[in-house]
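Dear colleague,

Please find below the structure I promised to hand over. My notes on it follow directly after.

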Amino acid sequence: MQFLRGGALFADLDPDDLLDLAELGREEELPAGTALCVQDVPDSGDLFVVLAGRASVRVHGAPGAEVESEIAELGPGEVVGELSLVDG
C-alpha cells in the first residue's frame, strides 16, 4: 500500500480507501519491452503502477509511421493507464 500513498493520483485518499484500492490490484513482473498500452488501440481499462524499474512512454509520429518517440519515462510510484478509468 505504501507505493500508492506516494503517488500524486492517490494523495487525497484516506487509508481505508487506499487499502481497498490495493486489494483490487495484483503484482506482476513484466519483461523489458512489454507494451502496457498501445497508441490508438482500445485498452482494457487497466491502471498500472510502476513499483520498480522504469517504464517508457512512446508515441508514433505520423499515422502509420513505425518511428516512435519517447515522450516520458516513469519510475516507481508513477502510473500509466489512468485516463482509461475515466473515459473507458
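This is a predicted model: local features need pLDDT of at least 70, side-chain atom pairs count only at pLDDT 80 or more; totals for chains, interfaces and linings use all residues.

In which helix does Glu23 lie? The element is helix H2, which covers residues 15–24.

Overall composition

The protein chain contains three helices and four strands. Read from the N terminus, their order is α-α-β-β-β-β-α. The chain has 88 residues, and 14% of these count as buried. Its accessible surface amounts to about 6,800 Å², and carbon and sulfur atoms hold 53% of that area. As for contacts with a separation of 6 or more, 46% come from residues 24 or more positions apart.

The negative patch

Glu23 also takes part in a negative surface patch, together with Asp14, Asp16, Asp17 and Asp20. The relative accessibility of Glu23 is 58%. Because exposed means over 50%, Glu23 is classed as exposed.

Salt bridges

Side chains of opposite charge can pair when their charged atoms come close. How many salt bridges does the structure hold? The number is three, and I take them one by one.

The bridge between Glu28 and Arg26 has an N to O distance of 2.7 Å. Are these two partners buried or exposed? Arg26 is exposed, at 67% relative accessibility, whereas Glu28, with a relative accessible area of 47%, is partly exposed. The value for Glu28 falls in the intermediate class because exposed requires over 50% and buried under 20%.

A further bridge joins Glu73 to Arg54, with 3.0 Å between the closest N and O atoms. Glu73 belongs to strand S3 (residues 68–74), while Arg54 sits in the loop between strand S1 (48–49) and strand S2 (55–60), so this pair ties together parts that are 19 residues apart in sequence. The relative accessibility of Glu73 is 42%, which makes this residue partly exposed; Arg54, at 52%, counts as exposed.

The remaining bridge is formed by the side chains of Glu70 and Arg58, at 3.7 Å from N to O. This pair links distant parts of the chain, with Glu70 in strand S3 and Arg58 in strand S2, 12 residues apart. Both partners are partly exposed: Glu70 has a relative accessible area of 43%, and Arg58 has one of 45%.

If you wish to examine the pairing distance yourself, the cut-off matters here: a salt bridge needs a side-chain nitrogen of Lys or Arg within 4 Å of a carboxyl oxygen of Asp or Glu. The Glu70 and Arg58 pair, at 3.7 Å, is therefore counted as a salt bridge under that limit.

Two loop residues

Two further positions concern pairs separated along the chain. Where is Ala8 placed? Ala8 is in the loop between helix H1 (2–5) and H2, and this residue counts as exposed at 74% relative accessibility. Its C-alpha atom is separated by 9.2 Å from that of Val79, although Ala8 and Val79 are 71 residues apart along the chain.

Glu29 is located in the loop between H2 and S1. At 81% relative accessibility, Glu29 is also classed as exposed. In sequence, Glu29 and Ala52 are 23 residues apart; in space, their C-alpha atoms are 9.2 Å apart.

In brief, the points I would ask you to keep at hand are the three salt bridges, the negative surface patch that includes Glu23, and the C-alpha pairs Ala8 with Val79 and Glu29 with Ala52.

With kind regards

Note on methods: Residues are numbered from 1 along each chain as its sequence is written. Side-chain values use heavy atoms; hydrogens and water are left out. Buried means under 20% relative accessible area, exposed over 50%, partly exposed in between (1.4 Å probe, protein chains only). Patches are made of residues with over 30% relative accessible area and no salt bridge: like charges are joined within 9 Å, nonpolar side chains (Val, Leu, Ile, Met, Phe, Trp, Tyr) within 5 Å. Accessible areas come from the Shrake-Rupley method with a 1.4 Å probe; for residues, only the protein chains shown count as cover. Lys and Arg count as positive and Asp and Glu as negative; His and the chain ends are not counted. The place of a charge is taken as NZ of Lys, CZ of Arg, CG of Asp or CD of Glu. Contact means heavy atoms within 4.5 Å.
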